[in-house]
Amino acid sequence: MIPGRLSASLRASRLASTRRRALGSGTLAALRLSRQIGESLADGLTGKGAPVAARRLAKLLAADAVALADCDRFLAVSGALDPVASQGILTETLDVLEPVTAPPLRSAPLVVSGDLVGCLVVAGDVSDAEVAEAAHLVATALDHADLDRSRERIAAADLRTLRAQISPHFMHNALAAISAHTRTDPERARELLTDFSDYLRYSFANTGDYATVADELQAVQTYLELQRARFDDRLEITVRIAPEVLPVPIPFLVVQPIVENAVRHGFESKPGTGHIAVRGFSEGALCVIEVEDDGAGMEPETAKAILTGSRQGAGRIGLYNVDRRLRAVYGPEYGLWLDTAPGAGTKATVRIPRYARGVHA
């Protein structure tokens, strides 16, 4: 190839490369803005992030102005809008429930889960298709925000249920065990009474929705000490926790109901010595907690029915509640698994991410 043609080919290649880099940079910026808009709307249209979302939408669309409204009024505006014209297009959009074009204004309704929740109004050199896509982006972000809030409400309600169900059966037996030691071993009775007080204080603590694995296991060990006294030390306990999972945040009162199930349904009707092992370790990005007993066990079909909520019975609602809370917080791929068979004991396994957005102890 002659030098002139080689030079021209190199220039063309460099120009194409420059254009690709510019296009890639623009795509990255648009994707980042889209994500940030969703984050800004985490509290909904009336949240403090709505004005930030409006500014980011204006930047994403290269618009002169952007406004977010509910079904009554404008809630967040970025840029200058004619008040009369903008109110007019808002009213028309909410009436016809379709996009409206009245240059330089364009609007689109915001529909979340089939319900009209508001309107997006845009001013400037922006196409109808771009406004429609922006409205879809906002509606999707609002839908995700509603889902997150619903999960939080479910988790909070389930936690209230668990606290309300701190087993009267256990409390009666714990107090009976303490009472039995007051004459024969007063020192141990005092220790057990302190353990009982610590256990109740933790169970009813108003410290948020999450605790660390270390806090949960401390409460579990206190609970098991009380149960050992009740079973005249026929209950053997093994706790082995890898240090790296101790600070992992976990929904409050997750481990204790699993251990209580192992005691109540594994050993109450079984003679002789019983053993419960509590293990915690990491599997890559996961925190795994296992509670294994050598008690009575159950049919696998029964375990499945318990976790689906179709069979709850005395005390069993705790396991269903735990699984439901874990899936509400982390997603359907996480939760509680039961490995069991009649006469072979039960191993309950919790798998959760070690790091999850919004989960802090």
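Before anything else, a word on pairing: two strands are said to pair if DSSP finds at least two bridges between them. With that in hand, and keeping in mind that this is a predicted model, let me start with strand E10, residues 286-293, and strand E12, residues 346-353, which pair in the antiparallel sense over 8 bridges. Within that pairing, Val291 has Ala348 in E12 as its bridge partner, and for Glu292 the partner in E12 is Lys347.

On E10 there is also the pairing with strand E9, residues 274-283, which runs antiparallel to E10 and is joined to it by 8 bridges. Here Ile276 stands opposite Asp293 in E10. E9 and E10 form a hairpin with 2 residues between them, and in the turn Gly284 has a positive phi of about 65°.

Stepping back to the sheet as a whole, we have 5 strands in an open arrangement, in the order E7-E9-E10-E12-E11, with mixed pairing. The edge strands are E7, residues 235-241, and E11, each of which pairs on one side only. If we ignore direction, neighbouring strands of this sheet are turned by 15° against each other on average.

How enclosed is E10 by the rest of the structure? Buried here means under 20% relative accessible area, and because 6 of the 8 residues of E10 are buried, the strand is largely enclosed by the rest of the structure. Helix H8 lies across E7, E9, E10, E11 and E12, and runs at about 20° to E10.

That brings me to the largest nonpolar core, which has 40 residues, and in which Val255 and Ile276 are those with the most contacts. Several elements each supply at least two residues of this core, among them helix H7 (213-230), H8 (255-266), E9, E10 and E12. A second, separate core has 26 residues, including Leu41, Ala50, Leu57 and Leu110.

Finally, let me turn to helix H2, residues 50-61, where Ala50, Ala53, Ala54, Leu57, Ala58 and Leu61 are buried. Seen down the axis of H2, these buried residues fall within an arc of 140°, so they line one face of the helix. Just after H2, Ala62 takes a positive phi of about 55°.

Key
Residues are numbered from 1 along each chain as its sequence is written. This is a predicted model: local features need pLDDT of at least 70, side-chain atom pairs count only at pLDDT 80 or more; totals for chains, interfaces and linings use all residues. Side-chain values use heavy atoms; hydrogens and water are left out. Buried means under 20% relative accessible area, exposed over 50%, partly exposed in between (1.4 Å probe, protein chains only). Helices (H or I, at least four residues) and strands (E, at least two) are DSSP runs, numbered from the N terminus. A nonpolar core is a set of buried Ala, Val, Leu, Ile, Met, Phe, Trp, Tyr and Cys residues joined through side-chain atoms within 4.5 Å. The arc is that of the directions from the helix axis to the C-beta atoms. Axes are lines fitted to C-alpha atoms, for helices over the stretch in contact, and angles run from 0 to 180 degrees between N-to-C directions. Contact means heavy atoms within 4.5 Å.
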